[in-house]
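This report considers a protein model in terms of its confidence, one of its sheets and its salt bridges. Please read it alongside the sequence and the structure shown here.

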Amino acid sequence: MTRPQWARRKPKVSRLPATAVGILFAVLLLPVKAQDSWPQVLATLGNLTTVAGSTFEAANNGNEWLPAYEGLRAFDPSQQDSPPHLSEPHMAMDDAYGNIYIADKNGHGIRRISPQGVLTTVAGRPVSGTLASDGDGPATERVVAYPNGLYVLPDGTLYILEQGITGLQPRIRRVGRDGQMTTLITPSGGGSVIFNRGLWVARDQSLLYFCSIEDGQGIVRKWTPAGGSVILATMPAGSEPGNLDVDAQGFVFQADRGLHIVFRIDPATGEYTVAAGNGATTGGGDGQPATATGLEEVRGIAFHPLGGYFVCTHRGSALWYVGTDGIIHKVLSGVRNSTVRDGDGQPVTANPAALKISEPRSIRVGYNGDLILTTNDCGWIRVVRSVSPPPAAALSPQGNHSYTYNPDGGMDTWIERTSSFQPYSWRTLAAFPFGTPGSGVFTDPVPPPGAAFYRLVRTRHWP
């Protein structure tokens with residue numbers, strides 16, 4: 001096996017190790033845990049299912065979204081070739097209420113699948129008319145130009161990474177729970193800049209990481225409200241950044257499609273080491289060290305709260321899990337350049353050699369424990385249902401707009417109120433973050449004059 005030149009070159013500023021000894025040292029620097037996390041994680045995985053997509057694939061990979069699709073079921077298993085047709089979606093992620101959001105890239109929109117399976121648009125409009133002045137305002141009245149990255153907070157707040165289009169530069173935008181879109185980040189300086197896939201947002205929205213390609217160079221950037229956008233890490237030559245995630249210790253993991261490597265980046269220094277992948281397209285495999293395994297065009301990454309993380313490979317058409325002991329396990333196999341969609345209704349572990357997926361683009365661990373996988377140009381959104389009990393959520397009325405609540409040390413919890421049940425009408429009144437112990441009594445500080453309805457929302461806390 002011949003390593004790429006960047007892996008043999010003497011690194012600068014203690015970056016990527018140049019020799020096998022250096023790579024071994026980098027692996028030894030990773031967090032070490034007493035036992036493998038794979039058996040625990042595997043026990044949470046249930047059946048595979050399809051929640052959106054169709055067999056239709058446009059020859060020109062163009063926009064296949066039509067207004068007539070609004071309000072249709074996202075997927076009908078008895079009519080898998082019928083609309084709605086997605087348009088090369090690049091990311092799917094859920095919220096704590098059971099909605100799944102899809103970055104429908106070539107359809108220039110963000111679609112939402114309700115818990116009942118109904119598909120609607122929550123951001124984006126047809127790309128036509130004047131674009132240069134298409135700025136902030138109602139999200140469904142603004143252009144979302146090739147959304148290539150997406151991050152959803154538990155309460156449904158959206159962050160969208162747009163690659164841009166002629167007349168609109170790349171940008172990262174936020175859609176609040178009121179449906180209003182605001183622009184947070186645009187390119188700074190000159191040169192050629194593409195915002196590229198990777199996007200991660202802290203729960204309190206005080207920190208954001210994203211990927212870009214600047215004058216052909218792969219870059220991971222950090223953004224804060226006070227400091228704006230700064231370079232966190234400049235990746236090796238040949239880098240084509242994929243998706244990002246952050247572990248429980250705050251380290252940034254970047255799946256690099258161009259280099260077939262998962263990098264671990266120190267948020268304090270920007271220095272990076274190899275976490276998974278051997279820099280080639282073959283080698284290693286199920287049950288082998290992750291750093292000895294070929295991850296052909298690794299593109300998606302998602303941490304699991306029980307430890308370890310999932311990665312998916314685009315050209316390799318596979319879903320893998322890297323345990324806390326550094327050993328990699330194959331979860332799903334597939335084949336590229338096809339519309340393959342198999343295994344629905346069966347445990348994800350059934351028939352492990354069967355070809356069930358094609359060209360996955362992203363993987364996310366849902367707030368309820370599901371795995372959410374976005375695959376191929378047909379836009380199949382596949383979900384591996386969690387068999388772990390969902391977090392319970394209840395308020396007990398005490399009269400006079402007062403309720404007892406039961407936050408859990410392992411959950412994020414918040415209380416909401418509405419008077420109308422209309423979209424965007426739920427207002428957060430109190431939040432109890434991860435680690436809040438015990439229970440108590442909540443009283444609405446300013447109850448409305450008319451009817452009021454309250455609910456307690458709980459979600460597992462992911463890193």
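## Confidence of the model

The protein has an average pLDDT of 88, and 91% of the residues score at least 70. Residues 1–34 have a pLDDT below 50, although in the model this stretch has 46 contacts beyond near neighbours in sequence. Where pLDDT is low, the predicted coordinates should not be read in detail. The model as a whole is a predicted one, and the descriptions that follow are to be taken in that sense.

## An open antiparallel sheet

In the order β27-β28-β31, 3 strands form an open sheet whose pairing is antiparallel. Its edge strands are β27, covering 396–399, and β31, covering 440–443, each of which pairs on one side only. On average, and with direction ignored, neighbouring strands of this sheet are turned by 35° against each other.

Strand β28, made up of residues 402–405, pairs with β31 in the antiparallel sense over 4 bridges. Within the sheet, Ser402 stands opposite Thr443 in β31.

The structure holds 19 salt bridges. One of them joins the side chains of Arg173 and Glu162, with an N to O distance of 2.9 Å. This pair links distant parts of the chain, since Arg173 lies in strand β9 (residues 171–175) and Glu162 in strand β8 (residues 158–162), 11 residues apart. Both Arg173 and Glu162 are buried.

A salt bridge also forms between Arg257 and Glu297, whose closest N and O atoms are 3.1 Å apart. Here the partners are 40 residues apart, with Arg257 in the loop between β16 (252–256) and β17 (261–265) and Glu297 in the loop between β18 (272–276) and β19 (298–303). Arg257 and Glu297 are both buried, and they belong to a network of salt bridges that also links Arg197, Glu240 and Arg315.

Arg455 and Glu416 form a salt bridge in which the closest N and O atoms are 2.7 Å apart. The pair again links distant parts of the chain, with Arg455 in strand β32 (residues 453–460) and Glu416 in strand β29 (residues 411–418), 39 residues apart.

Glu416, by contrast, counts as buried because its relative accessible area is 0%, which is under 20%.

Key. Residues numbered from 1 in each chain as written. Predicted model: local features only at pLDDT ≥ 70, side-chain atom pairs only at ≥ 80, totals over all residues. Heavy atoms only, no water. Pairing = 2+ DSSP bridges. Helix = DSSP H or I, 4+ residues; strand = E, 2+ residues; numbered from the N terminus. Axes fitted to C-alpha atoms, helices over the stretch in contact; angles between N-to-C directions. pLDDT = per-residue confidence, 0-100. Contact = heavy atoms within 4.5 Å. Salt bridge = Lys/Arg side-chain N within 4 Å of Asp/Glu carboxyl O. Buried < 20%, exposed > 50% of the residue type's maximum accessible area, 1.4 Å probe, protein only.
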